[in-house]
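Good morning, and thank you for coming.

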Amino acid sequence: MKKRLYNSKNAFERSRAGLLRRGRRRLLWAVMLGTLAALCVILTGSAGNGQRVSAEEAAEAAADPKLPEYYICFDGLTDWDCVVNTSAHVKIEDGMLTLTSGKEGASGRVQGSPCVEIKFVKTGLKALRYPYIAIRIKSTVRDLGGKLTCKAGFGKSKVDGTFEYADTDDWQTVVVDMSAAVQQLSDKSDRAGTWQDSVKLYPFGGSAGKVNAGETAVIGSIAFFKTEDSARAFTGIEGGGSDVSSGKWLEEAFKDPGASYRMMKLLYNFDNSYKATVDKLYNGYGYGGITTNVTFNSVYLKSAKEFTLLDDSFKYCLEQGMTQLWLYDEYQWPSGSAYGMVAKDDPQYEPYGLGMIEKKGSGPKVYKPEGGYSVIKYATLTSGGKTVPVRFTDTEVEISESGDWTLKVWATYDAWIEKDSLSQWQKGRPYVNIMNRDAIAKFISLTHEAYKANLTQTFGSVNAFFTDEPSLFVSNMTNPIHAGGSIPVYLVPWEDTLPEVFEQMHGYSVYEHFGSLFGGDSEEDRTVRINYYETVAKMVSENYFGQIARWCEDNGTKGSGHLLLEEKLAYHVVLYGDIMKCLNRTGYPGCDLLHVTPENLMDGGTYIGSFVAIKLASSSARNTDKEHVLVEYNPEAIADSGFKADPFGTSFAGAVITRMYGADTFVMLNPQESYNSVQARKLNECVGRLNVLLEGGKMNSGLGVYYPIAAAQSLVLADTVYDGAVAELSDRYNMLCRGLLKAGYDYNYIDDEAISNGKIVGGALECGRTSYSVIVMAYASAIDPAVLDKLVEFENAGGRLVWVEELPSASTVIGRTDYVKSRVSKYEKDVIKVYPEGGDFGKLTEKLSQILKYGYTVSGDEAVLTSPYERDGKQLIVAVNTSSAKKTVKLDFEDGRGFDVYDLYSGEIRTVSGGEELVLEPYGAFVAVKEGESGPVVEPTEKASSKNGNNSFPVIPVIAVAAGALAAGGFIAVMNAVNKKRYGGRLNGK
């Protein structure tokens, strides 16, 4: 199997065309010699060197004895893929790299050693196994040797080797023997490190002052070999030929995805060298767009010059072919303050919380709150075991009781008390209350309106505004006293219009129930907390996200961005009231991933980016009929061990997982610049290829997982936002969702809004761009009675409800708990326990396998994740290997027909037969495409079956996944005699 470091469309196709021409000429010899080799193996049982050689391998070697297994060639590469020193310059043209010496000194000799560093995709090629490096070169210099410097993965140790020219000005092969050096580094261990992602070549020798200016070295290709003899036999990679299309579905766009399908790069501003920046990002690194803003400085949003610079930069982007232009809406983050300008002259726009003060005393007294409290909102007084009337104003409470008493006061508190201890760009800049409608209107007028007014050439081409981590800024999240912080009080979110909104929504006054926000576990206490955070969610979602989305829609663009700490239910409550409700109001929902190794993305316990964040955003988009989902993608914000071991491979698989689970609009935030130009282009190709295939498609597992936000809201007290029962709920819910994905069941979160707005059609609940046949009701301890009624209606029509851990024991409406309990009592014997003691997650997957049927099975290692889609009358199954080891997987469709396999790394497309074993390289991925739409078939309940009859129940042919069978995605190789002869693919040591 031949593997190349570079695998751009042109490079691969041209190389393959040449190889096929040679292959035809040698076909007869291949068959004859292959047969002879096979006979020798049969007779002797071994090859001459003690290694067993198959007939297939012998035939392949005979057909092409000089073709290297791993090589670098320069078709499709650009100058961005090389780094040169100041004594040389480089040009890539017609598939060859030319290095020219220059900048001679007074002696006429070049000062320094002209060299070029050639970048390639990070690989798994073992340095010990492939220590002989052959360079196909010709040079105007004939009397000097050269030097090659590489780094191997033994702590990235540098390895040097030298070579000598033959006395010719024609093409020649020079061989660099690295064997002794790498053996010494590895201590002769077979666990040798890998060659790193570049080689540095000094074609005129490693010493200064030996070459004149204007000398040239032309390099055609570089190859890696196991033996010196095979390296010396290398005659280069034959180029030429033309691209040949096989007529496969979306083939042209898949192999070379356009700018609209690729990632964007996040910049914090353009400067006067914007043309060079755009050229580098677009032509060199393959980005399809840019997210940026006017410069962060003292005249932020006030300088006509800065806006003109941005306008000109965007215009140049469009002229060069970049189709994605986004605006970042804040001076760093969190968004909403316009760098403090919103609340600078309007302190009422700053965030305030509501705190509770409890005092005991005796006799008449006037009490005035101290220590940061400002306005009294409510007060109660108890004396002699009874609640007695008490008079209060905004600033004081008048107590007239003569005996002992207990006073409780609820007053607002400045939650921005820590503003001087924030990050540098926000120091001293007041934040805003994102529940305050007027504050956000001012933010829009200062920010969005300014961009519209000043980007006179390009505003109409701006796709969206990116808002970054706005949140409810109250003390229990920013510096909680129970976590060692300095703020001495516990707060709940507050805005002065909240009581009015609360009463409109729930029909009673919140004032008399303030105590439930700070304590109590009665049915009424829990319902009050649910209602309170439902009110908070309505105000945040409408006044911040909804208001921005409406302005953007009215002005021809979209409101997007991502929220803070998306990963756990407990955070959803205290930061937003209900994160799904906020995502539902955005134009393009989004998420944030701060390190993207598969291990991290599939960790349900992290707080800095995981599958949870991706699935929340994509589920909201699917449920509300939104086109796109944003992801801020930072592979190395926190570099774990997996990333350090393989930055490119882990990022490649992470990108596949991210897109597979629904985020399609990538904004690359990577100030560490973890990738060279080749790697960045390859990541862009991967994202682009997946977008080409999945654009407009539907993830059609038919499975929904209920979003139990009411359960979390009922448990949140002012002093328990991270710990206790709500933290346990968050962790177990994420564990369950992760378990489903690892077992092969992709899903969407489905919240109360989606259920309420959905339409029951046959046995499915249709919501926006998706539909549900089975809903897992996990941890739904509290529920809206109207939502419960809709779910029962769904079940009666043929859908299925699977109750996990518990049944609802509380209502979101005061006085309706008994109704809820009676409505769900029939499910008591059907509840599946999964955690902890006495639970068994396997019972859940077994139940799903009984009621949710698919038209295919995937068998293999559990490291492979998959997701089913449908588009254009086709079934699509995305598979990704999440491990650093090679995996095999078998995909079988019920009809036994073959399918096409789209390799996301190489761009190759193959047709395979059903049941064929597919080999997935580490961190690789593919998409299987089969003609004929299919969807989940659900076994109806006895009630639904008898009610509707066999003919009336909608049996939808569908894609199905065997429970627990999903595993390893990777760079794919099809294991048969034809596809064994594969040219291209990820460089990976055997």
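Phe648 has a relative accessibility of 0%, so Phe648 counts as buried; buried here means under 20% relative accessible area, exposed over 50%, and partly exposed in between, with a 1.4 Å probe and protein chains only. Phe652 also counts as buried, because its relative accessibility is 0%. Both residues belong to helix α19, residues 647-660, where they stand four residues apart, about one turn of the helix.

Before I continue, a word on the basis of these values. This is a predicted model, in which local features need pLDDT of at least 70 and side-chain atom pairs count only at pLDDT 80 or more, while totals for chains, interfaces and linings use all residues. Residues are numbered from 1 along each chain as its sequence is written, and side-chain values use heavy atoms, leaving out hydrogens and water.

Let me turn to the aromatic rings. The whole structure contains 44 aromatic pairs, where rings of Phe, Tyr and Trp (its six-membered ring) pair if their centres lie within 6.5 Å, and planes under 30 degrees apart count as stacked, over 60 as edge-to-face and the rest as tilted. Phe459 and Phe465 form a tilted pair, 6.3 Å centre to centre with 50° between the planes, and both are buried. Phe648 and Phe652 are tilted because their planes meet at 50°, with the ring centres 5.8 Å apart. Ring pairs also join Tyr268, Phe296, Tyr300, Tyr328, Tyr331, Tyr339 and Phe466 in a cluster.

What does the backbone show? Between Trp333 and Pro334 the peptide bond is cis, with omega near 0°. Pro334 is in the loop between β15 (324-328) and α8 (341-344). Most peptide bonds are trans, and most residues other than glycine have a negative phi. Glu469, although not a glycine, has a positive phi of about 55°; this residue occupies the loop between β23 (464-468) and α11 (475-478). Glu805 is likewise not a glycine and has a positive phi, of about 75°. Glu805 is found in the loop between β37 (800-804) and β38 (810-811).

Finally, the overall picture. The protein has 28 helices and 49 strands; these are DSSP runs numbered from the N terminus, helices being H or I of at least four residues and strands E of at least two. Of its 990 residues, 60% are buried.
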